[in-house]
Amino acid sequence: MSPTSSEPDHASPSSAQQGSAASRVAAHSHRLRVQRALRRFDRTFWMLAGVLAVVSAVFLLLGTLQGPKLSSAVVDPQRVTEQAGTQLRLFANQPLAEVTAEQVIITPAAPFTISVQDDLLVVQFEQRLRYSTEYTVEVRDVGATARDATSDFTHRFTTAPGSVLYLDRDEAGDEVLSAPLLGSGRGEVVVAAEGIQHFAPVEGVIVLARDDGEGGSVLESVQPVAGGALEQIRLPEGVRVQQLIAPPIGTLLGVVLTSTPVEGEAQGIPPYSNTLAVIDLAGDRAVNPVVGLDGTPLSIITGEFLPDGSTLIVHALDQTVVQVDLAGSGLVLPIDQVPTVYGLSTDASKLTGSDSFGGLYLDLESGEEVRLNPSLFEGELAFGGESIFTSGEVWVQKVAIPDATGGAFRTLLVADDGSGASRLLLRTIDDRGSIGSLAVSPNDQFVAVEVTPSVVDAEPDGRRVNGRPTSITTVIVDIETGAVVRTLEGFSPVW
């Protein structure tokens, strides 16, 4: 038959057969592509897994070779200048092995103790730190409990700047001001009121004793941050506030009261005569006289609180030094008999004073009385006066130096460490002035001194209570260098 015949030609495939073949080819190609993709994925996966395994091994090796890491650190830059025993807390990323004091370097140097609590490393400063100072704490070769590798911890912090409160009297009114040690000018007015006799800071409140216009006192408190409104504290009738004794912490305020004479009335035994009383500013604010060993109210010359804010060291009118417990039993414990008392050391371990034989101090822990002989000043003999110990073995002291004839004296303020030679902190211009009360900063860095520049030219301010010369100033001196850092027109400095 010819090719044009209608009979089927078995040599030529049909359309169905052609489509089936094409499908098989496409499926085979797809399978090949999938297989190639799977092989590429397998190669990539295993390559990545191998790389990750190597990286993990490297990190594991590095982790094994490296010591613990410092995660964070906490310290209060204000509190470390105000209270001994404040802590720097260093947190690590894992529990730590024990650390000794030999592994710790503090710059500038400061006494400390160290302890470890799991992942916490605690550096406790035994003394208050300096104001406005950068401290570096390095802890070397810190180990972990789970491995032998060690590392170094380093933390730097800057302490808060210092400031001082003082009283400035003026014809236009009286002001309590706060002045920073770094700066100039008068400082910031904290309280302004008429006739301020004394002031005392107590837990964010300023307590004022003010003239009542009749020779006595009114007692008021003010919260500067709350708008400055005065709130009266009720005193017994007809009394004058001789002193305010502020605590370092807490709300117990010491007050020394004396009855004012009433004109036209017979004068018998006054109800109050330098009588020590205590007021709880957080309680009922009642005035509670302190009773002595004889069962009568305790009459005192001066007093200071210990760091707990509830125990007073008191110099009584009969020259007895006693310790008074205000918080618990009210026990009055005699310590010694001293004619003149100057004040507590900054760590409250010593009480300086003098008797007819010269200067001395009482060790309050042992009760021992120790002679305090001033060193020579520039090779000259010095006669000691008011003195205050720092927390170390250095004391700040007013001394009198006789001239060559022995007929006149220069009054100086010196720092003395008992080595045999003292060094100058302050003297008045041409030695014409006088050096008054001293107040050493709690961290032993500065001393605030009341100075009358010229005794001959001094004029009284006319106040019946706590009168001062109108020219009196407060001079703040760096104890270590002897540099004068601030001069303020006022008095009664309080750190």
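Biologist: In which strand does Glu-386 lie?

Modeller: This is a predicted model, where local features need pLDDT of at least 70, side-chain atom pairs count only at pLDDT 80 or more, and totals for chains, interfaces and linings use all residues. Residues are numbered from 1 along each chain as its sequence is written, and side-chain values use heavy atoms, with hydrogens and water left out. Strands are DSSP runs of E with at least two residues, helices are runs of H or I with at least four, and both are numbered from the N terminus. Glu-386 belongs to the run of residues 383-389, which is strand β28.

Biologist: Is Glu-386 buried or exposed?

Modeller: A residue is buried under 20% relative accessible area, exposed over 50%, and partly exposed in between (1.4 Å probe, protein chains only). The relative accessibility of Glu-386 is 15%, so this residue counts as buried.

Biologist: Which residues does Glu-386 touch, not counting those up to four places away in sequence?

Modeller: Contact means heavy atoms within 4.5 Å. With residues up to four places away in sequence set aside, Glu-386 touches Tyr-342, Val-396, Gln-397, Lys-398, Gly-436, Ser-437 and Leu-438.

Biologist: Over which residues does pLDDT stay under 50?

Modeller: pLDDT is the predictor's confidence in each residue, from 0 to 100. The chain averages 90, and 92% of the residues score at least 70. Where pLDDT is low, the predicted coordinates should not be read in detail. The stretch that stays under 50, with 1 contact beyond four places in sequence, is residues 1-11.

Biologist: How many bridges join β8 and β9?

Modeller: Two strands pair if DSSP finds at least two bridges between them. Strands of a sheet pair through backbone hydrogen bonds, either parallel or antiparallel. Strand β8 covers residues 163-168 and strand β9 covers residues 174-180.

Biologist: Which residue takes a positive phi in the hairpin of β8 and β9?

Modeller: This hairpin has 5 residues between the strands. The residue with a phi near 145° is Gly-173.

Biologist: Which residue of β36 is the bridge partner of Leu-165?

Modeller: Leu-165 has its place in strand β8. β8 also pairs with strand β36 (residues 491-494), in the antiparallel sense over 2 bridges. In β36, the partner of Leu-165 is Val-494.

Biologist: Why does Leu-165 count as buried?

Modeller: Strand β8 is mostly covered, with 5 of its 6 residues buried. Leu-165 touches residues including Val-190, Phe-199, Pro-201 and Ile-206. It counts as buried because its relative accessibility is 14%.

Biologist: How far apart in space are Leu-165 and Leu-177?

Modeller: Leu-165 and Leu-177 are 12 residues apart in sequence, and they touch. From C-alpha to C-alpha, the distance is 5.6 Å.

Biologist: How many charged residues are in the lining of the second largest pocket?

Modeller: On a 1 Å grid over the protein atoms alone, a pocket is an open set of points where a 1.4 Å probe fits, with protein on both sides within 12 Å along at least five of seven lines; lining residues have an atom within 4 Å of a point. The lining has 15 residues, of which Asp-168, Arg-169, Asp-170, Asp-461 and Thr-470 lie nearest the centre. Ala, Val, Leu, Ile, Met, Phe, Trp, Tyr, Cys and Pro count as nonpolar, Asp, Glu, Lys and Arg as charged, and the others, Gly among them, as polar. The lining divides into 4 nonpolar and 4 polar residues, and the number of charged residues is 7.

Biologist: Is Asp-430 buried or exposed?

Modeller: Asp-430 lies in the loop between β31 (421-427) and β32 (434-440). Its phi is near 55°, a positive value in a residue other than glycine. With a relative accessibility of 63%, Asp-430 counts as exposed.
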